[in-house]
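Please open the structure in your viewer and colour it by chain. The stops below are to be taken in order.

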Amino acid sequence: MPEKKHECIDAGSEYCPCYLAEVNECITCSQLQGKSFCDCNWRGVCIYQEYVWAGNKSKALRKEYIGEVLERIPLTDDAMILKIRVTKTKARELKQPGSYIFLRDLKKPDFFNVPMSIMYADEIEGIIYVAVQILGIKTKAIQAVEDSIVIRGPYWNGLLGQRYIKQTFDSECLMILRGISQAPAILVINKLVSQRNQVKVIVDPGKIGKIFIYDFINKEKVEVIEQDFLSQEGWKKISTELSNKNLSLVYSGGSDKQHLEILTEMEKNNSNAYLVVTNNSEMCCGEGVCGSCSTKIDDNVTVKVCKVQLDVRKAIERRILQHG
Amino acid sequence: MVKVVVIGGGWAGCAAALAAQKAGGYVTVIEKTDMLLGLGNVGGIMRNNGRYTAAEEAIFLGAGELFNITDRAARHKNVNFPGHSHATLYDVTKVEPMVRQLLKEKGIRLLIQKRAVDVEMAGNRIKEVVLADDTTVSGDVFIETTGSTGPMGNCLKYGNGCVMCILRCPTFGPRISISLKTGVEDILGQRAAGSYGAFSGSCKLNKDSLGEEIVKQLNETGVCVIPVPPEDVKKEKLDMKVCQQYALKEFAENLVLLDTGHAKLMTPFYPLEKLRKIPGLERARYEDPYSGGRGNSIRYLSMAPRNNAMKVKGVDNLFCGGEKSGLFVGHTEAIITGSLAGHNSIRYCLGIPLLELPVNLASGDIIKYANERIKTPEGLKKRYTFSGAEYFERMKQKNLYTIDRDEIRKRVERVNLINIFNERLI
């Protein structure tokens, strides 16, 4: 039986075809997987054509560049928002939901790169915002950054189920966010609002202890409710919201466990809404090479989730199985 | 109710849909572009040589609707051009709306701009077809008429790249081999030199871009033959084309133009600069493919193994027609194989024996002959059409070729198949 094809977030972008094509590992194109005939998961462009026309070469990899740290807005002792000046073009590239970059201190070597979701991008001023929670070695190094910070990007696969965001107009949407996951939700909220959707956001501040999205969204158009999910009463509230039959899209920003609980609840309610979740894979290179984000989806099939838009259910279940 | 799903709305798919509907099926046609007929939108040649016999056979068999349309949409009838007699040239700008209207009138459900990308199987049966938008179409029986042309990567690897043909893959997405998705391997046609696939055999010039004299001749007679400057004659080009019935030296030494609404140029492609050296073609520009100076679409990379009742081997409820079913060339061949596939899809669902057309009809003979030849390496390098090359020779040898309608009617009567495709089985 021919294998099912995966959807690469970079297909057709200015970074496609990428290095994977040169080694017959393209995620989309059968010709660039070393096969003799076309059998691709079409993304609107012929990657093989792009590759051959470029003289059988891939496009240049994303380069590192320096951003200027303009401001640190403390959230807690262990969390802050960084306001970083980049070029207007870079900011524009990071405006779509799911955008992320790698950050590191100028004085540290490559392996200090830490993936960070874009919270907000202002392409008029050339400014991006990221929310950093200090969790370990690499984020501690970010805490120590002075004026300049090394950025590599743009990357886009920070959310799974992105196409559902693009196709939802004039509908009811529910977003369930916990802790630092408020950050990547802002691009989603703004996108959904711009598509005339009615957006309700339920936030559990979690360890961050506060809601920090207000300054980046249109408060008049978005209903924000604070709710502790972990309490029985809080979860009951979520269940009630999820039983709304008019919902077209549900977004879960939080842990894989949270995603799974929401998915289970939606299935219990026979919900027809699409589910979009934050991609919680550990990422290191972002280019489908290093393997730190590898997720086994079927026997013998490993997918690099830094680039692949995996089926949401498959992604959640497999990751919970693998990582417990 | 028997639910029949036809994948691909070209000539073969439309014929299959009509035959299945007449036999009592509820029929859905899935078409990836915004028009039915696929390459039929740039074709136009009917009834030349043995196709006349085959068209009349089909009419007596009860599959006359589409031939009726191409006859009604004819710009020219009884046209002769090198190697070919009594051709009908239909107007490519008229025929698609006529076919679409007919299918709608018959109650056939058309899913236009919907691309089939996968199948869901239940054991050895197709349960449903998955579309590119993640929706599904379920059915009792499926007919694949997706053709064998493109997509872009194949045209690049085995041809001169995407030249923007009527199938418009960049807009509507690639053709997917449905039989391959069920796990049945494709059969691949070869060129004389052993490479895979073959170029489509003709391109079309915009008639308004041609000289007055040429246009006048085309409008009046349907044909215009212009000698190629001796330095530009390229006989090796004949080897690479699909349409071996036009792979004659006259077609290398001359430009043969036919009037199908556009000026159909009977060569796979011709560099624009060289074309414009020829008197009367100084302003010539291409209509299909848009880059006809560079190349043409690549075909025959995706045939399904089948039996002579058009059922795909290895899948219980899948039939095929047109180029998907063998190395056939032409609308007539597509309509005949498609009609048989459509009719048999209903027989299959009712559990009654499938119809095979007898070999004393040209239609039955070509279906069987092409199926035998495809199993041999040399047979994979040939194309099979009533209108010329190897198969037309065979038609003549077997006395199958005739333009005597009474004789053709008698032949169909003799095998007791008059109007078989008009019979309602449910």
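Predicted model: local features only at pLDDT ≥ 70, side-chain atom pairs only at ≥ 80, totals over all residues.

**Stop 1: the contact between chains.** Display both chains and select the residues where they meet. Here 13 residues of chain A are in contact with 14 residues of chain B.

Stop 2: Next, hide chain A and colour chain B by its domain assignment. Domain 1 comprises 3–194 + 298–422, and domain 2 comprises 198–288. Taken over C-alpha atoms, the centres of domain 1 and domain 2 of chain B are separated by 26 Å. To their contact, domain 1 of chain B contributes 32 residues and domain 2 of chain B contributes 24 residues.

Which elements give two or more residues to the side of domain 1 of chain B that touches domain 2 of chain B? Select β4 (74–81), β5 (84–90), β17 (298–299) and α13 (389–397) of chain B. Of these, β4(B) gives the most to that side, with 4 residues. Coloured by class, the side of domain 1 of chain B that touches domain 2 of chain B holds 17 nonpolar, 9 polar and 6 charged residues.

**Stop 3: the hairpin of β4(B) and β5(B).** Keep these two strands selected and zoom in. β4(B) and β5(B) form a hairpin with 2 residues between them. In the turn, Gly83(B) has a positive phi of about 80 degrees. The two strands, β4(B) and β5(B), are antiparallel and pair over 4 bridges; His76(B) stands opposite Leu89(B) in β5(B).

Met46(B) can be found opposite Thr88(B) in β5(B). As for cover, 5 of the 7 residues of β5(B) are buried.

**Stop 4: Met266(B).** Finally, select Met266(B), in the loop between β15 (263–265) and α10 (272–275) of chain B. Is Met266(B) buried or exposed? Met266(B) counts as buried because 25 C-beta neighbours lie inside 10 Å, and the cut-off for a buried residue is 20 or more. Leaving aside neighbours within four places in sequence, Met266(B) is in contact with Ser202(B), Tyr246(B), Phe251(B), Val256(B) and Leu258(B). To end, draw a C-alpha to C-alpha distance from Met266(B) to Arg414(B): the two are 38 Å apart in space and 148 residues apart in sequence.

Methods:
Residues numbered from 1 in each chain as written. Chains lettered and ligands numbered in written order. Domains from an automatic or database assignment. Contact = placed C-beta atoms within 7 Å. Nonpolar A, V, L, I, M, F, W, Y, C, P; charged D, E, K, R; others polar. Buried ≥ 20, exposed ≤ 12 C-beta atoms within 10 Å, placed from the backbone. Pairing = 2+ DSSP bridges.
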